[in-house]
Amino acid sequence: ENSNDAIILIEENIFFDCNKRTLELFECHRNDIIGKNIFEFQTSSHLRSEEEIESIKRRFVMTSTGDSQFFKLKFLKPNGDIFHTSVSLNVVILDNKKYIQAVLRDITEDIRKQEEIEKHQHELEDLVNDRTKQVKEINEKLLITNIELVNQKKELETIVERLNIAQDQLVENEKLASVGLLAAGVAHEINNPINFI
């Protein structure tokens with residue numbers, strides 16, 4: 001009675017007894033549970049598929065042969081709320097009668113937190129994927145810009161080389177022009193005395 005977990009005794013697939021935590025968890029009265037078939041109680045088509053019901057039946061059969069079971073299961077409260085539980089099934093003998101003891105622990109909050117964590121993980125993964133995509137696009141643009149800059153550098157180097165060649169030619173032409181002027185000046189200076197003579 002003082003357990004924080006719901007404890008239910010089951011005899012031949014019928015709810016035989018339960019503690020007060022069970023009534024709190026299911027938010028119902030004893031007469032809503034005791035005497036009900038476990039496969040009819042709180043079942044709903046959107047909660048349990050035929051495959052899941054068969055799996056639960058197999059677990060009860062395995063438990064009755066002494067093989068303890070542990071699994072997760074969701075239930076529907078009378079008010080329509082869904083809650084998640086971890087279920088532990090064991091065989092107990094009371095007054096020379098064999099019962100299956102089901103211990104249910106409410107893990108609804110844990111499931112909600114797990115779903116929230118998974119949601120945040122998906123959001124972070126999407127954000128990382130978006131950022132990665134943006135970085136790849138920026139990287140591709142930078143590579144293209146880098147290629148363009150390399151090509152422009154080569155063009156500038158070619159232009160500088162041509163300008164250096166043109167400058168060398170201009171210097172050579174200036175030298176030749178200076179030599180020509182000097183020769184003309186010398187010829188003029190020589191020509192004047194010759195003319196006088």
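A salt bridge here is a side-chain nitrogen of Lys or Arg within 4 Å of a carboxyl oxygen of Asp or Glu. By this rule the count comes to nine salt bridges. The model is predicted: local features need pLDDT of at least 70, side-chain atom pairs count only at pLDDT 80 or more, and totals for chains, interfaces and linings use all residues. Residues are numbered from 1 along each chain as its sequence is written, and side-chain values use heavy atoms, with hydrogens and water left out.

**View 1. Arg105 and Asp5 meet in a salt bridge.** The N to O distance is 2.8 Å. Arg105 lies in strand 5 and Asp5 in the segment before strand 1, so the pair ties together parts 100 residues apart in sequence. Strands (E, at least two residues) and helices (H or I, at least four) are DSSP runs, numbered from the N terminus. Asp5 is buried, at 12% relative accessible area. Arg105 is partly exposed, at 47%. Buried means under 20%, exposed over 50%, and partly exposed in between (1.4 Å probe, protein chains only).

**View 2. Lys97 forms a salt bridge with Glu11.** Their closest N and O atoms are 3.2 Å apart. Lys97 belongs to strand 5 and Glu11 to strand 1, so this pair links parts 86 residues apart in sequence. Lys97 is partly exposed, with a relative accessible area of 38%.

**View 3. Lys57 and Glu54 pair within helix 3.** The closest N and O atoms of this salt bridge are 3.9 Å apart. The two residues are three apart in the helix, about one helical turn. Lys57 is partly exposed at 33%. Glu54 is partly exposed at 36%. Elsewhere, salt bridges that share partners join Glu109, Arg112 and Glu116 into one network.

**View 4. Leu182, Val186, Ile190 and Ile194 make a nonpolar surface patch.** The patch covers about 380 Å². Its residues have over 30% relative accessible area and no salt bridge, and nonpolar side chains (Val, Leu, Ile, Met, Phe, Trp, Tyr) are joined within 5 Å. Areas come from the Shrake-Rupley method with a 1.4 Å probe. Ile190 is found in helix 4 (residues 108-196). Ile190 is partly exposed, at 47% relative accessibility.

Technical notes: Patches are made of residues with over 30% relative accessible area and no salt bridge: like charges are joined within 9 Å, nonpolar side chains (Val, Leu, Ile, Met, Phe, Trp, Tyr) within 5 Å.
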